[in-house]
Amino acid sequence: MSNQKKRNFQIEAFKHRVVVDPKYADKTWKILEHAIHEIYNHNASGLSFEELYRNAYNMVLHKFGEKLYSGLVSTMTSHLKEISKSIEAAQGDSFLEELNRKWNDHNKALQMIRDILMYMDRTYIPSTHKTPVHELGLNLWRDNIIHSSKIQTRLLNTLLELVHRERTGEVIDRGLMRNIIKMLMDLGSLVYQEDFEKPFLEVSAEFYKVESQEFIECCDCGEYLKKAEKRLNEEIERVTHYLDAKSEVKITNVVEKEMIANHMLSLVHMENSGLVNMLLDDKYEDLGRMYNLFRRVPNGLLTIREVMTSHLRETGKQLVTDPERLKDPVEFVQRLLDEKDKYDSIISLAFSNDKTFQNALNSSFEYFINLNARSPEFISLFVDDKLRKGLKGVSEEDVEVILDKVMMLFRYLQEKDVFEKYYKQHLAKRLLSGKTVSDDAERSLIVKLKTECGYQFTSKLEGMFTDMKTSQDTMQGFYASHPELGDGPTLVVQVLTTGSWPTQPNVTCNLPAEMSALCEKFRSYYLGTHTGRRLSWQTNMGTADVKATFGKGQKHELNVSTFQMCVLMLFNNADRLSYKEIEQATEIPASDLKRCLQSMACVKGKNVLRKEPMSKDIGEEDAFFVNDKFTSKFYKVKIGTVVAQKESEPEKQETRQREEDRKPQIEAAIVRIMKSRRVLDHNNIIAEVTKQLQSRFLANPRRLRNVLSLLLNEISWRGIPLTENCTVILLEGIA
Amino acid sequence: MKIPKDRIRFNVGGRIFETTSTTLANAGRNSFFGALFDDNWALKQSINDSNPNSEFYIDRNPDCFGVLLDLLRTGDLHIPSHVPERLLHREASFYGLLNHVRSAKWGSFDGNRLHHSRSVTGRAPGDGTAIRAGPDGGCCVAHGSMVHVYDWMMEEHPPINLDYQRVNDVAWLDSENVILSACERLGRGDGGMGLFSKSTGELRYKFQVCHENQLKSYTAGALSTSSDYRIFSSCKGRSNEYGIGVWDQISGKQIDFFYESPGWSLGDADKLQWLNGSNCLLVATLFPRKDNCYISMLDFREKRMVWSWSDIDAPITVDEKRVRDAIAMEDCNAVCVVNEYEDLGFIDLRMSGGSVRWSSRSRLMKGKMPDEPCYPKLALHEGLLFSSMDDCISVFCGPDWVLTSRFRQLYGGSICDFSIGGDRLFALHSEENVFDIWETPPPPIL
């Protein structure tokens, strides 16, 4: 009974009926396979998307995903093999075109296949970790077409050949090129790199190696650089037209290496056209090109900079040590300024104001300007020249420009205190002789020096200006309080503060009676208004205007020095005076007297005196007369004083003097530093002091040690010797 | 009247629908409709031009098509009661519109507007261990030695286990992959940590630990992942190799191991939290796993503990406030902790060795504890702080962490764990194997 019941319950038959048609999967796949064929054969218009989509969906739903997927792989593979054959068969130029056409067909087909199999792509593929349809299509294309033995090398060679043809000037189909390269990129960056980029870079390197060798043999440097620049731009353009943007760095690196880095030295030193020639001829364009190209390669700019620096130092050294140049300080400085201007414009026009080049320029100038110990003096003389006469009729802005340039040279000087010394002397002369062209220019330069070196540096120079101003006021006051002095000789006194002005040996003389009386009046006036001061007369620095009448009644106003005035006044009372008599009457020191007589008796055109015997030099036994035959076109005659024979004092003396002058400054710096730091070892003191004094002069380390050890003995501080060269110094109890 | 060119007529399973190609364009290119109207298939042309009354036949369910067409028209999902949800999902999957359905089903997460969506009853024998929300609205639930995985439609996928060892923690790597940490079985080398496929449940990778170039078996505890593709787990090896292991998500290789120092606890940690801003890992070992609580911040770049807190030396007070869960709040430079009475406390992250500043907010609970209490848990989501206690979840807002919402689902007893992710909150109850799904409704019509 129970058995029968069970038999009624025949499950097998029932089960059999629900199982789907065993041929279902094959039938459905056949439909889909046929559709794929039709798609590849451009026959898709007859296909029903809905039906195909539903079929693919059903296959996945009924667990035939695997069959669907593997069917897709084999169908697509066999189509690609067909395609591969037709591409292989393409002749010559049509090869790339055929490849491109088939690639476009494949992409379109792939999109349609993916549409049909969308459900599989979305559900079956992620859960089984298989490759999605689109990617699968690309991979199969890569393996069956691009990597097929008959296509791979041919494709590469065709592409490289096209690039080569373009490099040699032919016009190629860039659109086609771009499509093919784009295909390689679509297949993955690895495909692009391995199948095109790497060999492309190798071939390019070879090409440019050969070409650069040709160029370097037949072109001059400027031409070569032009060609290299053109090639570089061409490659960059090529990348934008049909290569992957990431290739730009790589291909420009190849060109840079082959065309520039490998030939850097031969380019820079190329005979008759290398860097030095470009600098000499101011070839801004070529220099700019060289800068821009060399900047791209390692050590490129360094090479340019080094060659420029050594050239600059060499020419600069020649300039400052050429004995011919030393004869004319103004010309000397002007040359320096011209050289600086030249390189400034090279750096700004060709080297895009590169800071490192500016630094190289500065250090070179600093190097060679200081090779000549007289540079500070010459610069001061240059300023003197400009301020005396050179700036006449020049606009205010131009004056500023010149002064700024001078300041720039001044900055290069290591011995700034030497400059200060000369500058003070030259300024004093300018002020006392009233020769300065523009007060504004003088003051402007002082302000510049002040900003450069600080208040200390210029305080004395400013004192000199103050003295000039107060002297004017004093003279006005003097004449206002002595109205009776209207008729007699006029006295102009400049009261100079001791210390502000360059020290001069105080040489006195006997002034003529009328003058000394006037001087006495002034002395009492001055001391009356300013108590506690001392006046001493610097007769050796004064000038006088003397009205003279000569033999035939010709009248002249003679501009002479105070000494000369004293001598001339003697001839009011005598016709003939011997040297001895003059010396006795005036008490002018012999050397000065001789110079002053010489300039009045022996200089042609200025010889207001006559002397016996006639000779160039003044002897102790000579006698002097008024030269009645003196004539001059001018009413005013400036006599002047012949320049003293150059003091035969050796240069060394001056150097020693300078070192002595520097000692207080060094000491002050040491004390200043020790007050703030308290403990410092020997070497650091030296370093600090050098740094502090840099704005004034370059301290000699040996000299510094000397001063330091002297100071150690003098003041109550403690030096603890550590090792031979190292001492720690403690400052104790100095307020 | 002229029929606009744009109009399309469908015959779906015998019923006629008319719509426009602009409506269908909302489906996107990666859908049945997107492909259908692609130029390649040249169907649009043939439908429109040849005969204005021609229709496009689709052999599918018309009811569901209507629902999905409305979804494409309005962006709103309305499922009539006679349409089974599963059927709708099936149809949406056919058309490639499943993601449209998912994003229309619930709104973006707002902790103060949560509604109970449904409760799911599982069939695991023991108490729940952990529940973890997945990035796309699914979740997985660890029970004893098994992990049950649900997608966002709450379809259950094959369960996951690692040698049937007791599961300590689960974490989602992405919407397709789950990591599981399990106890080691003495002498067999089983357990440790494994990576599983969500959809198939297959083990795809087993993470290994090396000590002094020797492979060792281990017990993996709490898990955490970081945005720079690392996995962290607290590990206990047999020869006292305790500490935090670090693996690379892509290669699966162990890249670091931070050994715990004597007198401190890392390998027993209950909770790991990766902090993106400070590039540190918070490691918390809490009572009663150890006698004391240890919270530390590890910086793996410098290989050192940059911040630490412990209650070793804290005086034991009468009411015995022990820290039961901890969470770092980077924006406030604090670690928030909670005790068994759901009192919140804060520890300053800017200095080591600070003490807990308890806010004596809730003393109400005291004295009426349920028979089988679950310790409170904390979670932080978009500036809101969540804490579970008994069968309630409380939401705190603002700089002073004001209690703003509280929601509960009575069935299933106390909440033993909860998790927020994929714009959903999942709460696992300790009894009856039930978990709740809380969602924010889609945005209002106006």
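Reply: The model is a predicted one. Across the interface of domain 1 of chain A and domain 2 of chain A, two residue pairs are in polar contact, both at pLDDT 80 or more. On the side of domain 1 of chain A, the elements that give two or more residues are α5 (65-89), α6 (94-116) and α8 (133-146) of chain A. The largest share, six residues, belongs to α6(A), and that side divides into nine nonpolar, four polar and three charged residues.

Me: How many salt bridges are counted between domain 1 of chain A and domain 2 of chain A?

Reply: The count there is zero salt bridges.

Me: How is the size of an interface expressed, and what is the case here?

Reply: Interface size is often given as the accessible area lost when the parts come together. Domain 1 of chain A and domain 2 of chain A bury about 1500 Å² between them, with 71% of it on carbon and sulfur atoms. For chain B and chain A, the buried area is about 1900 Å², 58% of it on carbon and sulfur atoms.

Me: Which residue forms a salt bridge with B:Arg29?

Reply: A:Asp115 does, with the closest N and O atoms 2.9 Å apart. The interface of chain B and chain A has two salt bridges by the rule, and nine residue pairs in polar contact, both at pLDDT 80 or more.

Note on methods: Residues numbered from 1 in each chain as written. Chains lettered and ligands numbered in written order. Predicted model: local features only at pLDDT ≥ 70, side-chain atom pairs only at ≥ 80, totals over all residues. Heavy atoms only, no water. Buried area = accessible area lost by both parts, 1.4 Å probe. Salt bridge = Lys/Arg side-chain N within 4 Å of Asp/Glu carboxyl O. Polar contact = N/O pair within 3.5 Å; in protein donor to acceptor, adjacent residues only side chain to side chain. Helix = DSSP H or I, 4+ residues; strand = E, 2+ residues; numbered from the N terminus. Nonpolar A, V, L, I, M, F, W, Y, C, P; charged D, E, K, R; others polar.
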